[in-house]
Structures are given as C-alpha cells and as structure tokens.
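Hi everyone, thanks for coming. Let me put the structure up, and then we can walk through a domain interface and a strand together.

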Amino acid sequence: MRYVMVEYAGHERPGVLEEDSVLLLDATDLAEVISGPAAVVGEIPYSEEILRPPLRRFRRDILCTGWNYWDHFEESRGKREGQDVDRPEHPTFFTKGPDVVIGPYDDIAWDPAISAKWDYEAEVALVIGKTGKNIAVDEALDHVWGYLLANDVSQRDLQRAHGGQWLKGKSIDDTMPLGPWIVTADEVGDPQDIHLQCLVNGEVRQDASTRQMAFDVATLISELSFGMTLRPGDLLLTGTPAGIGNAREPQVFLQEGDVIVTRADKLGELRNRVARR
C-alpha cells in the first residue's frame, strides 16, 4: 500500500493512494496512522498537486546514516578539507532538524548567502512502525512500517565550518524533499533490492542499488537501537551512494533553477526545483 498526505478542503489529510484516487483516513496525519489503524472516511481524485510531505510531525530529530556506501566514502577521500577518517567499523549516525522537510514536488529553499556549496544526496528512508530497543538483526525488518525517498540536500561549507559534524550543514529549513508516499514494508519486500537514482537537469548523477550499502537496513536498525529506543514514526535515512557534486572533478554544486529528480523503482519519484528564497 502507498500512504500519502494530501491537501483537501484547506487541510492536510492522510490517505491511501489507489490508482487514480485517494481514500481519506479518519486520522490527523500518518504519524497517527502508523500508531494504529484508521477507517476510510471518503474518496477524492488523485493528482500530484495535492501531495504533501508524508511526515511532518516528529517526536525527535530526523535520524540519518553517513558513509553507508563505500564508493561514496572513497570518492570523498582527500576532499573533506582535512577532516578525513578511516573506514568506520560501525554505521555512522547523525541527525537533521525536522524543519528541513518539504513535499515531493516543492521548491528547495536555496540561499547563496547561507552556503556556496549546495549538494544533493539521494537516499532511501524508512519509517519505524514498532517500538524496539536492542533489536536483533534478524528481527529488525519487523520494526519497519514502510519506505520512502528523501534527498539530503547538504551545505558542504557549513559541514566543514563546524568541526566536521553534520547537523548544521544538513539542517537548513525547507531543503529536504520527502515522499512522494510511504510504501508499506510488505509491498517493498527486500530493502536491499531497490534501484536508486538522482538526476540534476536530466543528467544522472547517482545510480546505485541498495545492495551496495556498507551496512544493510537490518544492521542499521539493530545498531541504532542499541541502548536507544526506536518508536513508531521515527524516520531514518539510510545513506547516499557515489556521485555527489562535492566529490566530482571539477566540483559541481546546485544553482538556482536546477531541477533535481530523486527516484527509485519501488518508491516513486521526487521532483524539486532549486529556488531562491
């Protein structure tokens, strides 16, 4: 099933996408639906224009994974401005502020006064559906409610300016497209069998399979939950593959008017324009 948030009668409403229609649900948002079933209370026609971010209300920061494709880790070697590290033996986690989230077709709020190095990072994200702590790897996927796409648009100079930590350089308001919907875990099947791409102005910049992850989805959940409770509605980004602008020669950064497409065979497509705010 594909769960969506849509604009209807002046309000954002959760629903289920079925072909050319949306079945509206008796709930405030998808965070509420994830916590328990909701009844269908109506049906409206579907169009891209009514889609909104599938998640907006979070109980914590957005959880993220860095360096989770070795080709991405290696492409940036020597380009981290003195902040290189050895290959990590465990997943690398960080967070993003929740105000980064925008919808699947919204403009990315670009401001050259904030950063001169705006970069793209296509990612598969997941939503936790069941509370867990110290989750075993072989039980980890049972805690996933669904999967979706995100683009972890980043400001590389802010990353470097603040000691190499990633919170500041990845938490600029209105810069992370999310969606276009949440596909339930049962429909996705194997999360290590997703083809992920990022295109900028029609040019393929990132092209990978989730089979190339350094640490698979089950391992990420298990490691993240070690001593730390994960709860329904928590959002986890699983890392980006090679092809980022910062690692190219010459480097290529996002500019006003660029159009970024983030797509995956099982998850749909985000399409976002870089626009001055």
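**Between the two domains**

Across the interface of domain 1 and domain 2, the rule finds three salt bridges, a salt bridge being a side-chain nitrogen of Lys or Arg within 4 Å of a carboxyl oxygen of Asp or Glu. One of the salt bridges in the model joins Asp-29 to Arg-57, with the closest N and O atoms 2.7 Å apart.

A quick word on the source: this is a predicted model, where local features need pLDDT of at least 70 and side-chain atom pairs count only at pLDDT 80 or more, while totals for chains, interfaces and linings use all residues. Residues are numbered from 1 along each chain as its sequence is written, and side-chain values use heavy atoms, leaving out hydrogens and water.

The domains are 1–52 for domain 1 and 55–276 for domain 2, with bounds from an automatic or database domain assignment. In contact (heavy atoms within 4.5 Å) are 17 residues of domain 1 and 19 residues of domain 2.

Now, how enclosed is strand S11, residues 122–128? Seven of its seven residues are buried, so S11 is largely enclosed by the rest of the structure. Buried means under 20% relative accessible area with a 1.4 Å probe, protein chains only; strands are DSSP runs of E, at least two residues, numbered from the N terminus.

S11 runs antiparallel to S12 (residues 144–151), joined by seven bridges, and Glu-123 sits opposite Ala-150 there. S11 also pairs with S17 (residues 235–237), antiparallel over three bridges; pairing takes at least two DSSP bridges. Here Ala-125 faces Leu-237.

Conventions: Buried means under 20% relative accessible area, exposed over 50%, partly exposed in between (1.4 Å probe, protein chains only). Helices (H or I, at least four residues) and strands (E, at least two) are DSSP runs, numbered from the N terminus.
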